[in-house]
Amino acid sequence: DDSATVPPKYLVIVNPMSGKQQAMKICQTTIKPMFDQAKISYEVFTTQHGGHAKDWASWENWPVRNESAGNIAAPERNLRQYDGIICIGGDGLLAEILQGVNSRSDSETVFEEIKFGIIGGGTSNGLAMSVLHANKEKYGVVESAFLICKGKVAKIDLSSYETASSRYTSFLTFSWGIIADVDLESEVIRCVGILRNDIWAVLRIINLRTYHGRFSYLPPSDDSLCDPADMPKLHDPVPENWITIEDKFILFWACQVSHAASNTFSSPNSSLDDGIFRVLVVRGSCSRFELIKMFLDIETGGHIEHEACEVYDCVAYRLEPLQTGSYNDLDGEEIESGVVQGHVLPSVLQFFA
């Protein structure tokens with residue numbers, strides 16, 4: 001029947017090294033049976049090294065597909081031949097794919113044509129948790145897979161960042177200060193899973209650092225939807241309608257979603273499509289005791305009720321570190337240090353939700 005609907009075809013991308021290296025097991029024992037039962041047509045692509053997914057997503061010139069080749073090698077997989085891309089791994093896997101897409105000349109078309117989904121198989125799994133929270137579902141791989149099987153899609157926000165020599169696409173958080181320290185430095189104890197964050201947070205609070213910086217931001221308003229063409233150049237002064245704060249900071253955390261990790265309710269007032277950064281700031285005057293109390297409340301979102309935790313809503317911002325020795329952490333990955341500027345891209349990504 002020529003009028004019959006062609007079923008969608010998905011590419012399931014698995015990072016076998018994510019978190020405790022359970023992503024392939026999740027794919028084989030949970031996702032495959034559910035997708036088969038839902039009669040979803042799919043192929044599985046396993047990444048072989050760091051940056052593999054980014055390299056794959058960035059390729060635009062493709063050979064003709066050989067359908068008889070079975071498990072086709074990555075360079076022969078044309079991203080635009082799929083209706084959906086499903087990530088099984090941590091937030092870093094989706095981040096890689098988005099950086100790859102962002103480097104393409106047809107990136108806007110890719111975002112218009114292709115749906116994305118994520119099933120948490122990494123350490124933190126912040127986006128998977130945020131999507132499930134928005135859908136009033138408990139956290140788990142079965143619940144994430146169920147949302148994908150249902151096939152319903154919502155458009156969620158992304159953001160665009162630039163540093164001195166690079167551009168990035170983001171969907172989760174940017175951190176500088178203690179959160180970045182904990183996230184990046186704790187990689188040395190990745191083997192303990194998500195507990196690594198708690199262990200390293202204790203070490204960082206004992207050996208507390210402050211960072212001198214300048215934070216400038218554009219508050220949301222009816223006329224501040226932040227056209228990228230209106231963004232100031234990175235090393236030009238910010239416009240007069242931006243607000244600037246200069247101080248010593250312990251924590252700087254710009255959130256686009258509710259959860260930075262499955263057990264971290266970092267921004268309770270954030271939603272997937274509100275078009276806003278919620279920037280959490282803790283200044284250098286905060287005591288260790290107050291900081292400990294705040295961190296103990298992060299799992300429930302109670303940290304934002306503490307007086308020392310300031311929250312700034314904005315559609316664009318710039319952070320200028322005024323000393324050396326700090327990390328810029330975007331979606332759990334270290335990016336170029338130094339001045340960074342970001343703005344929201346509202347309702348850009350089609351996501352299973």
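Q: Let's start with strand β5, residues 153–162. Is that strand largely enclosed or largely open, and why?
A: Bear in mind this is a predicted model. Strand β5 is largely enclosed by the rest of the structure, because seven of its ten residues are buried.

Q: Which way do β5 and β15 run, and how many bridges join them?
A: They run antiparallel, and nine bridges join them. Strand β15 covers residues 340–352.

Q: What stands opposite Tyr-161 in β15?
A: Gly-342 does.

Q: And how many bridges join β5 to β6?
A: Four, and this pair also runs antiparallel. β5 and β6 form a hairpin, with four residues between them.

Q: Which residue in β6 is the bridge partner of Glu-162?
A: Arg-167.

Q: Staying in β6, is Thr-169 buried or exposed?
A: Buried. Thr-169 sits in β6, residues 167–170. Its relative accessible area is 4%, and the cut-off for buried is under 20%, so Thr-169 counts as buried.

Q: What does the Thr-169 side chain make a polar contact with?
A: The side chain of Asn-102, at 3.2 Å.

Q: Which residues is Thr-169 in contact with, leaving aside its neighbours within four places in sequence?
A: Leu-98, Gln-99, Asn-102, Leu-158, Ser-159 and Asp-331.

Q: New topic. How many cavities of 30 Å³ or more are there in the whole structure?
A: The search finds two. The largest cavity holds about 50 Å³ of space.

Q: Which residues line the largest cavity?
A: Gly-117, Ile-118, Ala-128, Val-131, Ser-144, Leu-147, Ile-148, Phe-351 and Phe-352. The elements giving two or more residues to that lining are β4 (115–120), α5 (126–134), α6 (141–150) and β15.

Q: Which element gives the most to it?
A: α6, with three residues.

Q: How does the lining of the largest cavity divide into nonpolar, polar and charged?
A: Seven nonpolar, two polar and no charged.

Q: And which residues line the second largest cavity?
A: Leu-251, Trp-253, Leu-280, Met-294, Phe-295, Ile-298, His-303 and Cys-309. Here β9 (243–255) and α9 (288–296) are the elements that give two or more residues.

How values were computed
Residues are numbered from 1 along each chain as its sequence is written. This is a predicted model: local features need pLDDT of at least 70, side-chain atom pairs count only at pLDDT 80 or more; totals for chains, interfaces and linings use all residues. Side-chain values use heavy atoms; hydrogens and water are left out. Buried means under 20% relative accessible area, exposed over 50%, partly exposed in between (1.4 Å probe, protein chains only). A polar contact is a pair of N or O atoms within 3.5 Å; within protein, one must be able to donate a hydrogen and the other to accept it, and residues adjacent in sequence count only if both atoms are side-chain atoms. Contact means heavy atoms within 4.5 Å. Two strands pair if DSSP finds at least two bridges between them. On a 1 Å grid over the protein atoms alone, a cavity is a set of points where a 1.4 Å probe fits but cannot get out, and a pocket is an open set with protein on both sides within 12 Å along at least five of seven lines; lining residues have an atom within 4 Å of a point. Grid points are joined across faces, edges and corners, and a volume is the space filled by probe spheres set on the points. Ala, Val, Leu, Ile, Met, Phe, Trp, Tyr, Cys and Pro count as nonpolar, Asp, Glu, Lys and Arg as charged, and the others, Gly among them, as polar.
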